[in-house]
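Hello,

Here is the structure I promised to pass on to you. Please have a look at it first, and then read my notes below.

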Amino acid sequence: MAQVRLDEYSWSMSEATFSNRDVRVTGTMSGDGWDWKVAYNVGMPSFYIFEDGSYCTEHEMLEVADIPISRLAVEMCLTISATERLRSFLLYDFESILRRVVLLHEVQDDLWEDRYPTSLLSLVGKWHGETKSARLPSLGAGIISYNSSVSFLWQAADDTVRESFTANKDGKIVDKITAYGLVDDEGDLTAIGWGGPEQRSSFLLNCGSYASAPLSIPPSTPWWCEFSCYINERCRRRIRRLFDKEGNAVSHSIVTENRAD
């Protein structure tokens, strides 16, 4: 597994200004005894915001705090409440290798909530929800809704896991995927390495969240990444970004899932 580093910061205040061409984002990022003011533009064609304020986008040549410039950064944000949200950045270097996962915990008016690291046990079980998937305007836009379910099993004896995803529309199964993985502890960062040509990994993060992405962007092959956070032990939200074989974002999905067992 590639050496992926986790960086965590608190984001005490931010605001976004929208125009016809881009989104201007400003705020103050706080670390261990320091504050760093951030300001950057996001191109409107790649920026998609959901009804609740969750969004996803990507940046080229992004520099965050003390982290070296990344060729590509995929940003996914999930709204937890009216005053709290979590943002993740997946940072790929100039060889398209995932080097860092950055997690931002953002609140308004200092209304901090105690949130704990995601554990393997919190993933285990059956989860059901309704997924809403939207295409980019350049591809005709449009929103598709379907019921989805996820089943996650963990064998603690050998640290193997299995995840099955099923999508149902109008009572018919339209997609079904089963993946097998192996748990790997890299210092403070626990990851699940999934098999297949993508060599995808899921990283268990703090604040009840996790991110999933390929360790390197596969050439001439569609790929996807995902960010999830737990609202409570029986409810979680997931956001996913899908890219085509040229590396262009083509769709984005969001789902709120409830534990079934």
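A definition to begin with: two strands count as paired if DSSP finds at least two bridges between them. With that in hand, please keep in mind that this is a predicted model. A hairpin of 2 residues links strand 16 to strand 17, and these two strands run antiparallel, joined by 9 bridges. Strand 16 covers residues 223-232, while strand 17 covers residues 235-243.

My notes centre on strand 15, residues 209-214. How many of its residues are buried? The answer is 6 of 6, so strand 15 is mostly covered, where buried means under 20% relative accessible area. Ser209, Ala211 and Ala213 point one way from the strand, and Tyr210, Ser212 and Pro214 point the other way. The residues of both sets are buried.

Strand 15 has a partner on each side of this description. Strand 14, residues 200-205, runs antiparallel to strand 15 and is joined to it by 6 bridges. The hairpin of these two strands has 3 residues between them, and Cys207 there takes a positive phi near 60°. Strand 16 also pairs with strand 15 in the antiparallel sense, over 4 bridges. Because 8 of its 10 residues are buried, strand 16 is largely enclosed by the rest of the structure.

You can follow some of the pairing residue by residue. Leu204 stands opposite Tyr210 of strand 15. In strand 16, Tyr210 has Ser228 as its bridge partner, and Ser228 in turn has Arg238 as its bridge partner in strand 17. Another pair to look for is Ser209, which stands opposite Cys229 in strand 16.

Now for the cores. Which residues have the most contacts inside the largest nonpolar core? They are Leu90, Phe203 and Phe227, in a core of 34 residues. Strand 6, residues 67-81, gives the largest share of this core, with 5 residues. Apart from that core lies another of 16 residues, including Leu120, Val150, Leu204 and Tyr210. As general background, nonpolar side chains in soluble globular proteins tend to be buried together.

Finally, take a look at Phe203. Leaving out residues up to four places away in sequence, Phe203 touches several residues, including Ser209, Tyr210 and Ala211. Among its other contacts are Val4, Leu98, Val101 and Leu189.

Note on methods:
Residues are numbered from 1 along each chain as its sequence is written. This is a predicted model: local features need pLDDT of at least 70, side-chain atom pairs count only at pLDDT 80 or more; totals for chains, interfaces and linings use all residues. Side-chain values use heavy atoms; hydrogens and water are left out. Buried means under 20% relative accessible area, exposed over 50%, partly exposed in between (1.4 Å probe, protein chains only). A nonpolar core is a set of buried Ala, Val, Leu, Ile, Met, Phe, Trp, Tyr and Cys residues joined through side-chain atoms within 4.5 Å. Contact means heavy atoms within 4.5 Å.
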